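Here is a briefing on the model shown below. Read it with the structure open.

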Amino acid sequence: MIALLLRDLRLALRAGGGFGLGLAFFLIVTVMVPFSVGPQSALLSSIAPGVLWLGALLACLLSLDRLLALDWEDGSLDLLATAPLPLEGVVSVKALAHWITTGLPLVLAAPVLGVLLNLPAQGFLWIVVSLALGTPALSVIGTFGAALTVGLKRGGLLLSLLVMPLYVPTLIFGAEVARRGAQGMDAITPMLMLAGISAGAIALLPFASAAVLRVNLR
Amino acid sequence: MMPDLGKYADTVLSAYAASIVLLVALVALSLWRGRRVRADLRAIEARMRRDG
Amino acid sequence: MSLWEYANPKKFLATSERVLPAFWALSGLCLVVGLVWGFFFTPDDFRQGSTVKIIYLHVPSALMAINAWLMMLVASLIWLVRRHHVSALAARAAAPVGVAMTLIALVTGAIWGQPMWGTWWAWDPRLTSFLILFLFYLGYIALWAAIDNPDTAADLTSVLCLVGSVFALLSRYAVNFWNQGLHQGASLSLDKEKNVADVFYQPLLVCIAGFVLLFVALVLYRTGTEIRARRMRALIARERAGAA
């Protein structure tokens, strides 16, 4: 499993795809927001947590179709399916690799971008915490979506359509944590809910993803 | 015959109209596709039987 | 194609063909009676005026929008466990009906909300959940349409339906939570069924019965269509294979 994880990470680094692209997208979205809503700092600081969350979500979404598609095309997915490692494990590792290459940089970049959006001072900690808790769920759910659409020629748009509704609870609780934190309100309850969703998704969804992948590899 | 709908006449009537249009469209589309598929299937089955 | 492959679908077609006219007639009857009763022969509500008449469309369609998804969930489970082809096709057949019901509920709700709340749309938990349900329906239908192999499509959409159900439920709670956090004390609730007076309740029941029957009739009919379409594809494929 560790070998597979290292291989995925190395591939992502070398190809330069997921790593930089997701971050750059996050940056672009954040920069575009003041252009579209205006530069009033009060307005920006009140929508900053939501914008950061939405940007992170979109950046995650953008990198999903590369998650399994490359391995599918060159046939290494078939090899992995026949390997002694159970497919559930493969899927989990894939999700983990996606999180390390996409989710983690987003978490680290969020406070920097928060400065651009005039995020209130007490919000920085919360945006990092909420993203750190929420992005694993985004990766795991996204892996499920990628497994669903892996066999399709132009799966990208369909993938977004399928994954977006599944992201709703994570987004709601995640953005709620960040917003409440930024306003200095108590953010513990939504944070626990967010953590619960992440834990549940990490525990259960790999089984669904693996089942779906088996169907697609049939 | 027509009940007095008061100032909300537009609201009520447009809600009924929209719903009935949607329902009729749903039924019509279902029936239309059903008919077409049935006819096509019959044609193909006849052709298969003729050709063996 | 071996016989057992379509033995069940054939039986399904024969049986549904026999009972369908009754369902069409009954649902039409219930809808006409219920809607005419509701529209022409019920009094106006003292607070809502004549807009209360929208309830005869709004509540049944909202009910069916949720029940259609439940039916798809059950059918998907049956397909996953028993590999019963008709079941997968029934789930597929029900989805567009569910979409139409969701749309009716949303549209009538918006039209009703305009004079009552002064807005077409509010991010009220119920409204929002329905919008999310609508998105789930769209994704489900799109996935069915995107995959060529019918068995693969049935498997994938079934799993999506299962996972989607869990997340739809989660969204429901998340949305409840989220809106409380946004504006406390917003009393935009549609839940008036509990205190609906008998004058409204009886025609409403008839309308609900009409919508349920209509749903059953549509699903039976559309499943038949799907079975025929599937058989047609198989025949065409065989013809091509024979010609080649």
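A residue is buried if 20 or more other C-beta atoms lie within 10 Å of its own, exposed if 12 or fewer, and partly exposed in between, with C-beta atoms placed from the backbone. By that count, 47% of the 244 residues of chain C are buried. In chain A, buried residues make up 52% of 218.

This is a predicted model: local features need pLDDT of at least 70, side-chain atom pairs count only at pLDDT 80 or more, and totals for chains, interfaces and linings use all residues. Residues are numbered from 1 along each chain as its sequence is written, while chains are lettered from A and ligands numbered from 1 in the order in which they are written.

**Which chains touch**

- Two residues are in contact if their C-beta atoms, placed from the backbone, lie within 7 Å.
- Two pairs of chains touch, and chains B and C have the most contacts.
- Chains A and B do not touch; 23 Å separates their nearest C-alpha atoms.

**Chain C against chain B**

- Here 30 residues of chain C are in contact with 24 residues of chain B.
- On the chain C side, H3 and helix H6 (198-243) each supply at least two residues.
- Helices (H or I, at least four residues) and strands (E, at least two) are DSSP runs, numbered from the N terminus.
- H6(C) gives the most to this side, with twelve residues.
- By class, the chain C side has 17 nonpolar, seven polar and six charged residues.
- For these classes, Ala, Val, Leu, Ile, Met, Phe, Trp, Tyr, Cys and Pro count as nonpolar, Asp, Glu, Lys and Arg as charged, and the others, Gly among them, as polar.

**Chain A against chain C**

- In this pair, 22 residues of chain A are in contact with 22 residues of chain C.
- Three helices of chain A give two or more residues each to its side: H7 (123-148), H8 (155-182) and H9 (188-217).
- The largest share, eleven residues, comes from H8(A).
- The chain A side has 19 nonpolar, one polar and two charged residues.

**Chain A as a whole**

- Chain A has nine helices and zero strands.
- Its C-alpha trace spans about 55 × 35 × 30 Å along the principal axes.
- Of the contacts in chain A between residues at least 6 apart in sequence, 82% join residues at least 24 apart.

**Helices H3 and H7 of chain A**

- Helix H3 (residues 41-62) of chain A packs on H7(A) at an angle of about 25°, with the axes 10 Å apart.
- Axes are lines fitted to C-alpha atoms, for helices over the stretch in contact, and angles run from 0 to 180 degrees between N-to-C directions.
- The angle makes H3(A) roughly parallel to H7(A).
- Angles under 35 degrees count as roughly parallel, over 145 as roughly antiparallel, 65 to 115 as roughly perpendicular and the rest as oblique.
- Residues of H3(A) in this contact include Pro49(A), Leu52(A) and Ala56(A), and those of H7(A) include Ile127(A), Leu131(A) and Leu138(A).
- By class, the H3(A) contact with H7(A) has nine nonpolar, four polar and no charged residues.

**Chain C as a whole**

- Chain C has six helices and zero strands.
- In chain C, residues 24 or more positions apart account for 80% of the contacts with a separation of 6 or more.

**Single residues to look at**

- Most residues other than glycine have a negative phi.
- Asn118(A) is not a glycine, yet its phi is positive, about 65°.
- Asn118(A) sits in the loop between helix H6 (87-116) and H7 of chain A.
- Asn118(A) counts as partly exposed because it has 18 C-beta neighbours inside 10 Å.
- Arg83(C) also has a positive phi, near 55°.
- Arg83(C) lies in the loop between H2 and helix H3 (85-117) of chain C.
- Arg83(C) is exposed, with 12 other C-beta atoms within 10 Å.
- Ala62(C) belongs to helix H2 (residues 55-82) of chain C.
- Ala62(C) counts as buried, with 22 C-beta neighbours inside 10 Å.
- Ala62(C) and Gly98(C) are 36 residues apart in sequence and 9.5 Å apart in space, C-alpha to C-alpha.
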